[in-house]
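Trainee: I would like to go through some of the labels attached to this model and see what each one rests on.

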Amino acid sequence: MVVSPIDTGVLTLYMLGLLAVGYWGYQKSDTLDDYLVAGRNIPIWMYIPVMSAVILGGASTIGGGGLGYQNGISGAWLVIMLGLGTIALGLLISTNLASLKAYSLGEVLERRYDRYSGTIGAVIAGIYALTLAITQTIAIGKVLSVLFGFEQNTMILAAGAIVISYTMLGGMLSVTITDFVQWCIMTVGIFFLALPLGLDAVGGFSGLAAELNPSYFDITAIGWQTIASYFLLYVLGIMIGQDVWQRVFTADSTETARTGTIAAGSFAVVYGIVTALLGAIAVVLLPNLADPELALPRLILEIVPVGFSGLILAGFISAMMSTADSALLASSTLFTNDVYKRFVNPDASDETYARVSRTLILVLGVVMVYAAIAIGNVVQALSLTYALLSGSIFVPIFAAFFWERATWQGALSSIFISATVVIATIWLHGFASNLPIIYGLATSVVSFTTVSLLTGPPAQEKLSAWVDSLDSSPSAD
């Protein structure tokens with residue numbers, strides 16, 4: 001499967017357009033707020049699409065279609081869990097996050113607890129974000145190599161260079177524009193072209209049902225253990241991901257943050273069901289594929305007219321890039337804001353911090369590309385960082401918003417203890433086990449609660465400042 005010259009031209013123009021957007025963002029990023037959080041003025045009509053684009057990356061699009069190819073409609077659970085986690089974030093703390101006017105997860109932890117909890121949390125979240133960017137870069141290279149017939153490492157290098165360039169130049173402004181365009185293409189391509197054309201090709205729902213095993217329409221066919229695993233990994237993980245939080249920080253008001261986040265999560269749930277259904281359609285039209293994750297791009301080339309198919313495939317690539325660029329910017333923000341700014345140069349100007357962030361994007365981007373080419377199994381690394389993220393810092397983060405007796409001693413001790421438990425459990429039970437997150441969360445709750453009660457109450461001045469900052473007024477800021 002190699003794309004037609006017309007589709008190749010569309011894809012090439014799209015990639016060049018990304019670089020142009022990066023240069024535009026560079027010219028418009030006058031302040032640190034512009035560079036890191038798009039000036040905190042993204043309106044709801046744009047916020048919903050760009051938040052959706054952060055969620056719906058390679059795992060959701062290519063991976064979701066592949067799971068649908070293998071498991072039918074139950075393959076939607078991975079993306080459904082991402083959507084449910086986003087909805088929960090919107091309902092529980094999105095207005096508080098928007099009110100804080102922060103840049104990073106580590107900064108939020110520092111404001112509520114202490115600088116060391118913030119730094120350790122930021123390092124864990126930063127490593128996770130970088131690992132997420134690596135997995136997306138591998139996925140991009142994999143798809144491009146099949147589409148264009150070039151060697152995978154060459155495509156990883158080319159795609160990585162594009163992601164690094166426009167993210168480094170324009171920061172969140174560039175990421176916002178590219179994510180918005182990607183969402184528009186994917187929405188039209190998936191819902192208004194691929195789905196109706198795919199159903200027509202198999203004779204509608206009745207024709208699809210006649211061709212497939214009934215298990216393809218069983219929502220639990222993928223297995224309860226897998227569903228539980230997706231819950232632990234993705235619902236909890238996305239609720240405390242810096243890439244998602246940083247998008248919340250861009251909202252123009254607390255109401256936009258809340259309503260937009262809930263809407264984006266709801267969109268993701270529907271998107272997951274549709275991509276899984278397209279994967280099932282691909283089973284009928286393209287049976288016995290060697291690589292199920294290529295089911296969706298192959299299906300697009302099979303059923304969508306030339307030109308439009310190139311545009312949709314560009315959206316697929318951009319979907320993966322949107323997660324890679326958000327994760328790369330998130331990692332850079334964490335290390336700039338919570339390590340460099342806190343320990344290296346606390347009194348530097350905003351211009352200096354923006355320059356350091358750009359430099360870190362370049363450095364981390366090089367690491368991202370190198371790791372994508374050199375590392376054989378980043379899935380294990382991602383499992384480790386996801387387990388650390390959810391197992392060791394989920395409890396302190398949510399306790400910050402919902403438990404006034406929480407202390408910095410409780411936060412710091414629980415992060416250390418639960419992180420140790422997560423790593424030890426992975427060592428004993430492997431990366432595929434759910435036990436690391438379960439044991440990590442349980443240990444975190446017990447240690448956090450116990451130490452906080454023994455060392456509390458927290459300093460009243462710090463707690464009062466924190467409570468005052470959580471003004472959840474829905475009016476525009």
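**Labels and their grounds**

Mentor: In this predicted model, helix H1 (residues 5–28) packs against helix H15 (residues 308–344) at an angle of about 40 degrees, and their axes are 8 Å apart.

Trainee: Why are H1 and H15 called oblique to each other?

Mentor: Angles under 35 degrees count as roughly parallel, and 65 to 115 as roughly perpendicular. The angle here is about 40 degrees, so H1 and H15 are oblique to each other. The crossing of H1 past H15 is right-handed.

Trainee: Which residues make the contact?

Mentor: From H1 they are Asp 7, Val 10, Leu 11, Tyr 14, Met 15 and Leu 18. H15 contributes Ser 309, Gly 310, Leu 311, Leu 313, Ala 314, Ile 317, Ser 318 and Met 321. By class, this contact of H1 with H15 has ten nonpolar, three polar and one charged residues.

Trainee: Why does Thr 61 count as buried?

Mentor: Buried means under 20% relative accessible area. Thr 61 has 0% relative accessibility, so Thr 61 counts as buried. Thr 61 lies in helix H4 (residues 58–71).

Trainee: What makes the pairing of the Thr 61 and Tyr 271 side chains a polar contact?

Mentor: A polar contact needs a pair of N or O atoms within 3.5 Å, one able to donate a hydrogen and the other to accept it. The two side chains make such a contact at 3.0 Å. Beyond four places in sequence, Thr 61 is in contact with several residues, including Met 186, Leu 296 and Phe 316.

Trainee: How do you know that Ser 444 is buried?

Mentor: Ser 444, in helix H19 (residues 435–455), has 0% relative accessibility and therefore counts as buried. Among the residues Ser 444 touches beyond four places in sequence are Gly 391, Pro 396 and Thr 449.

Key. Residues are numbered from 1 along each chain as its sequence is written. This is a predicted model: local features need pLDDT of at least 70, side-chain atom pairs count only at pLDDT 80 or more; totals for chains, interfaces and linings use all residues. Side-chain values use heavy atoms; hydrogens and water are left out. Axes are lines fitted to C-alpha atoms, for helices over the stretch in contact, and angles run from 0 to 180 degrees between N-to-C directions. Helices (H or I, at least four residues) and strands (E, at least two) are DSSP runs, numbered from the N terminus. Angles under 35 degrees count as roughly parallel, over 145 as roughly antiparallel, 65 to 115 as roughly perpendicular and the rest as oblique. A crossing is left-handed if the near helix is turned anticlockwise from the far one by less than a right angle, and right-handed if clockwise. Contact means heavy atoms within 4.5 Å. Ala, Val, Leu, Ile, Met, Phe, Trp, Tyr, Cys and Pro count as nonpolar, Asp, Glu, Lys and Arg as charged, and the others, Gly among them, as polar. Buried means under 20% relative accessible area, exposed over 50%, partly exposed in between (1.4 Å probe, protein chains only).
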